[in-house]
Amino acid sequence: MLNLNKLFSTITTDINNTNTSNQLNAIRIKYLGKKGILNSYIRNIKYFSFEEKKKYSMMINHIKKNIISEINKKDKELNLIMLNQRIQKEKIDISLPGRRVHQGSLHPITHTINSVNNFFLKLGFQAINSPEIEDEYHNFDALNIPKNHPARDTHDTFWLDSNRLLRTQTSSMQIRIMKKEKPPIRFIFPGKVYRNDYDVTHTPMFHQIEGLIVDKNINFSHLKWIIYNFLYDFFGKKIVIKFRPSYFPFTVPSAEVDIINDDGKSLEILGCGMVHPQVLKNVNIDSSLYSACAFGIGIERITMLRYGVSDLRSFFENDIRFLKQFKYN
Ligand code: DAH
């Protein structure tokens with residue numbers, strides 16, 4: 001009995017000294033396992049008298065119960081410690097400001113080109129991309145602008161060699177498409193054009209969208225209808241539009257369209273007109289049968305007006321603070 005009491009106090013000390021579940025488990029096996037110490041005591045019972053057996057086994061059972069409850073108690077303690085350690089380790093500081101995902105958006109010029117394209121696609125136009133390196137014939141000669149024509153001087157051309165150049169206008173595509181397609185023709189050509197110019201309303205590279213319609217009985221009223229409807233769609237009904245007679249060698253009659261802004265200032269946004277019979281002749285279209293109208297819209301100009309941008313150059317300076325102001329749905 002003395003032995004049993006001693007054993008119990010040793011076991012309790014052992015249990016209390018454990019720091020991990022593994023250690024506790026080892027103790028459980030050592031004392032309570034099949035080949036454990038308590039069982040070896042039980043095996044010895046057979047040598048005792050009946051009375052002793054009874055007393056002795058009751059005591060062992062009593063000790064066993066106590067050990068189990070000590071182990072369970074310790075087990076709970078250790079689990080709690082482990083849980084707290086985990087909570088400490090995996091703690092999340094909910095007061096930290098979150099990381100924001102900065103959403104990008106289209107460049108305002110790209111967005112304008114997309115919306116102009118969409119408008120004309122709805123009217124049955126086809127949009128195609130076109131080469132930025134052109135030759136003298138498509139950019140000038142075929143458009144009725146021969147060498148020494150004063151209109152060439154206004155274009156400040158970047159020449160690549162004696163024949164090739166960075167196109168100064170998307171009008172060169174009128175020639176390419178009229179040579180390739182048979183009327184009826186209804187196309188738009190968005191793209192970059194280049195002129196050696198630099199101030200608040202000019203950059204050496206800018207964008208135009210050229211439009212071309214070739215069919216029987218096309219006249220100036222078709223052109224006006226399309227331009228008005230496009231501008232009302234793009235700006236909303238509030239704008240003031242002014243058609244002003246003008247001159248382009250490849251159209252007759254020719255016009256320019258100005259938009260009058262809130263301060264009463266006007267900004268030229270496009271050129272247009274009826275395609276010159278000489279140009280039709282250059283591309284072998286019979287001008288007694290077909291007529292054509294065309295227009296070239298300055299993309300930066302209409303974007304400036306739409307968003308109230310005062311310096312055209314800011315579109316290409318890539319200042320993120322400027323670009324971030326443009327958000328679309
Ligand atoms: N290409 C002209 C320019 O860059 C704009 C233009 C005028 C285009 C009249 C046209 C047009 O299609 O008919 O200044």
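# Domain arrangement and helix packing in a predicted model

The C-alpha centres of domain 1 and domain 2 lie 94 Å apart. The model is a predicted one, and the domain assignment of its chain places domain 1 at residues 2–89 and domain 2 at residues 108–323.

## Helix pairs

Two packed helices are described by the angle between their axes and the distance between the axes.

| Helix pair | Angle between axes | Distance between axes |
|---|---|---|
| Helix 2 (residues 21–32) and helix 4 (residues 50–89) | roughly 170° | within 10 Å |
| Helix 5 (residues 108–122) and helix 9 (residues 220–235) | about 130° | 11 Å |
| Helix 5 (residues 108–122) and helix 11 (residues 299–307) | about 100° | 10 Å |

The axes of helix 2 and helix 4 cross at roughly 170°. Because angles over 145 degrees count as roughly antiparallel, helix 2 is roughly antiparallel to helix 4. On the side of helix 2, the contact is made by Ser21, Leu24, Arg28 and Leu32. Helix 4 contributes Lys64, Ile67, Ile68, Ile71, Asn72, Lys74, Asp75, Leu78, Asn79 and Met82. Sorted by class, the residues of this contact between helix 2 and helix 4 are seven nonpolar, three polar and four charged.

Helix 5 packs against helix 9 at an angle of about 130°, and the two helices are therefore oblique to each other. Their crossing is right-handed. Thr112, Ser115, Val116, Phe119 and Phe120 of helix 5 meet Ile226, Asn229, Phe230, Asp233 and Phe234 of helix 9. Six nonpolar, three polar and one charged residue make up the contact of helix 5 with helix 9.

Helix 5 also packs with helix 11, at an angle of about 100°. That angle makes helix 5 roughly perpendicular to helix 11. From helix 5, the residues involved are Pro108, Ile109, His111, Thr112, Ile113, Ser115 and Val116. They meet Ile299, Glu300, Ile302, Thr303, Arg306 and Tyr307 in helix 11. The residues of the contact of helix 5 with helix 11 comprise seven nonpolar, four polar and two charged.

## Aromatic pairs

Across the whole structure, a search finds 18 aromatic pairs. One of them is formed by Tyr228 and Phe243, with 5.7 Å from centre to centre and 10° between the planes. Because planes under 30 degrees apart count as stacked, the pair of Tyr228 and Phe243 is classed as stacked. This pair links distant parts of the chain, with Tyr228 in helix 9 and Phe243 in strand 6 (residues 240–248), 15 residues apart.

## Backbone features

Two cis peptide bonds may be described here. The bond from Pro183 to Pro184 is cis, with omega near 0°. Pro184 is placed in the loop between helix 8 (172–180) and strand 4 (185–194). A cis peptide bond also joins Val252 and Pro253, where omega is about -5°. Pro253 lies within strand 7 (residues 251–260).

Asn148 is a residue other than glycine with a positive phi, near 70°. The position of Asn148 is in the loop between helix 6 (136–139) and helix 7 (150–153).

Methods. Residues numbered from 1 in each chain as written. Predicted model: local features only at pLDDT ≥ 70, side-chain atom pairs only at ≥ 80, totals over all residues. Heavy atoms only, no water. Domains from an automatic or database assignment. Axes fitted to C-alpha atoms, helices over the stretch in contact; angles between N-to-C directions. Helix = DSSP H or I, 4+ residues; strand = E, 2+ residues; numbered from the N terminus. Parallel < 35°, antiparallel > 145°, perpendicular 65-115°, else oblique. Left-handed = near helix turned anticlockwise from the far one by under 90°. Contact = heavy atoms within 4.5 Å. Nonpolar A, V, L, I, M, F, W, Y, C, P; charged D, E, K, R; others polar. Phe/Tyr/Trp six-rings, centres within 6.5 Å; stacked < 30°, edge-to-face > 60°.
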